[in-house]
Amino acid sequence: MGFEKFGRKSFTAVTKTAKFVDFLAEGKVEGTVCKDCGARFFPPRADCAKCFSKSMDWFEMPKKGKLETFTTAYYAPFGFEADPPYTMGVVDFGGGLKLFARLAKEIKPDEIKVGMDVIIRPFKYDDNQLSFEIAKG
Amino acid sequence: MKKDVAVIGVGQSSFVRGYEGSIRELAFEAFREAMQDAGITQKDVDASVFCSAPEYDKQRSPAGVLAEYLGLIPQPTFYVESVCSSSSTGVKVGYSMIKSGLHDVVVVLGFQKMSEITSAESQERMGRGADIQWEAPFGTMMPAYYALYAQAYMAKHGLTHDDLMGVRLKSSTYGVINERAVYRKAVKPGDFKQGDPEAKLAGPVAWPLRVGDCCANADGSSCIILADAKKAKSLSKKPVWILGIGAASEAVNMAARPDFTKGLSVGYGAAAEAYRMAGITSKDIKVAEVHDCFTIAEIMAYEGLGFAPAGEGKQLIREKATYKDGKMPVNVDGGLLSKGHPIGATGGSQIRTIVLQLRGEAGPMQVPGGPDIGLVHNIGGVGLYGNVTIFGRG
C-alpha cells in the first residue's frame, strides 16, 4: 500500500516502487538506478530489464531541464472534472532522462514555450495527494 | 506477388452514436455482410477471432458469446486486443493461423459499443490505455497525448492550424458521401474560426488540438474473412491478397519517447517491415487508409509510411495530393475523423475500404485508375502498437 497517495488520483495501490511517494513527502523526486549495471530509470522501476537485476537504488532526479513539449487540457477524464484547464508536459534533462507531469498553475499559458527552461518540484494537492510538477526555470 | 492468404469477404455496420442493440446484434451486422460478400456459410469457417478494447460493454470474454450468436460454434474462437488496432492485430493473428496450416478459413470480427458509457468515462478508459501507474494520475486522455506530439511537431516543422484543418476538410469531403460514417455533415473553414460561437469545431480540447481535430466515439462492427490460397481460389471470384504485414510496439510512458517531432516510431517500424515482406516501396501504393484519430496523426502517418519526407507531411495536404484524384489518395472513405472510431472495429473497417477499392467496388469513393495495391495503417493507443498491412489485387 501507499501508492494510492500518488497523483491527483492513483489507479495503483501496491507497487514495489511505492517509496517514491515517501520521497515526495520529503521534498524529493527520485528515480531508480540498477545496482548491478548502473541503468537509470524514470519513472522508477523495481526490476532492471537490461541485466535482469532486482537490486535497485534510488537517485534524486536533476532539477533543471527543458520543456520538450506540452498540452493544455480543456476537458478532463472521469474523476478529474474539477481540474481543467490544466497543462501537462514532458521535460528533457539530457542523458536519456525525461519526465511527464503537469505544469504549475502559476505559469500563464502564453508564457509556455517548447524548449523553455524549467525545474521540477514536489507538489501537494489540497486533499494531501502527493505529486510533482513542472515550474519555470 | 505472394498468394498465401486472401481476404474473401468484408463487412461493416454503419458507424453510429447510440446503436440500438446489444454487442452481439452489433457484431451480427458486419458478420452478415461479410458472409454474404464471401458467399459462404458457417460450415466453411473453421475458426473465429474477436477483437475489441475492454471496459466499454460489460461482457467479459466476448468471443464465446459472439461466436454462438453468429453460428460459429463449435469451431475454436478467442479474443484479441490491442486497443485501437485490435482488429488489424486480429487479421495478423488470422493470417498466422492460416499460414501455419492450422486453419483454412478464419473470421476476424472487430466490434465496439462505446455508447454504453459517457464521453468522460470513455476518456478515462482511453487514458488508461496508456500508463496507469505513472501518467493517468495526472489526468491524461488521448487528445492530450496526441497534442504533445502536435505541439512539438508544429514548433519544429512549421505545421499550422490551417494544415490540421486541411486534414479535416479532406476527411469531411468523403464523410459526406460515405453512408456508413457517423459524421456526414459538410465541414467548412468557418467551422474552425476562433472566437466564433457558431464555429462548432474551433473549441480547444487539448491545445493545440481543437474539436475538429478529434475523431468521434462511435458504435460499430467490422468483419474480415480470410482464407488460404486453395480455399480462396475455390470459394472466391475476387480474392484480395495479403502481401505484407508489419507490426511494432513502443514504450508506453511519454518520458521514454525519443523524439516528439518525428511522429510515432511504430508507424515507421511497422511500415518498413510490411514493405520488406511485400517486396515493394511506398511508391507502389495506390490507395491508403491511415489512422487519423486526430488530424496530426494523419500528417505523422504520411511520413512514417514514406509518402512524404520527415517534416514535409503538410505539403501533401497543401497540394491536395491525398484527395481521391491526387497522387496518393488517403482516407477517401472519411477516415476515423468522419467515419467515427469504434475502437475494436476500426482496423477491420479500414481493411474493408481498401479491399473494396482494389476490387473497384468503392462506389462514389472509388479511386480512379484501378488501384492494384493498397495499404492499411492502424495504430493502437498513443503509438503503443502499430500495424501496417499491404493488400494486392489477384
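## Where the chains meet

T72(A) finds its bridge partner across the chain boundary: W207(B), in β5(B). This is a predicted model, so a few ground rules apply: local features need pLDDT of at least 70, side-chain atom pairs count only at pLDDT 80 or more, and totals for chains, interfaces and linings use all residues. Residues are numbered from 1 along each chain as its sequence is written, while chains are lettered from A and ligands numbered from 1 in the order in which they are written. Helices (H or I, at least four residues) and strands (E, at least two) are DSSP runs, numbered from the N terminus. Strands count as paired if DSSP finds at least two bridges between them. Strand β4 of chain A (residues 64–73) and β5(B) run antiparallel, with two bridges joining them.

Chain B has an open sheet of nine strands with mixed pairing, in the order β3-β2-β4-β7-β1-β8-β11-β10-β9. Its edge strands are β3 (77–80) and β9 (287–289), each pairing on one side only. On average, neighbouring strands are turned by 25 degrees against each other, direction ignored. Axes are lines fitted to C-alpha atoms, for helices over the stretch in contact, and angles run from 0 to 180 degrees between N-to-C directions.

Within this sheet, β4(B) (residues 105–113) and β7(B) (residues 219–228) run antiparallel and are joined by nine bridges; F111(B) sits opposite S221(B) there. Helix α1 of chain B (residues 23–38) lies across β1 (5–12), β4 and β7, running at about 130 degrees to β1(B).

On one side, β10(B) runs parallel to β9(B) through three bridges, with E289(B) opposite V376(B). Eight bridges also join β10(B) to β11(B) (residues 385–393), this time antiparallel, and I379(B) has G386(B) as its bridge partner. The two strands β10(B) and β11(B) make a hairpin with four residues between them, and G381(B) in the turn has a positive phi of about 65 degrees.

## Core and burial

The largest nonpolar core has 163 residues, and V7(B), L109(B), Y146(B), I225(B), L226(B) and I296(B) have the most contacts inside it. Such a core is a set of buried Ala, Val, Leu, Ile, Met, Phe, Trp, Tyr and Cys residues joined through C-beta atoms within 7 Å. Helix α5(B) gives the most to this core, with 11 residues. Beyond its neighbours within four places in sequence, I225(B) touches V7(B), I8(B), G9(B), A34(B), A38(B), V105(B) and V107(B).

T295(B) belongs to helix α9 of chain B (residues 295–304) and counts as buried because it has 30 C-beta neighbours inside 10 Å. Leaving out neighbours within four places in sequence, its contacts are L164(B), V167(B), R168(B), D213(B) and L337(B).

## Chain A on its own

Chain A has one helix and eight strands. Its radius of gyration is 15 Å, close to the 14 Å that the globule rule gives for 137 residues, so it is as compact as a globular protein of that length. The radius is taken over C-alpha atoms, and the rule is 2.2 Å times the number of residues to the power 0.38. Buried residues make up 35% of the 137 in this chain.

Methods. Contact = placed C-beta atoms within 7 Å. Buried ≥ 20, exposed ≤ 12 C-beta atoms within 10 Å, placed from the backbone.
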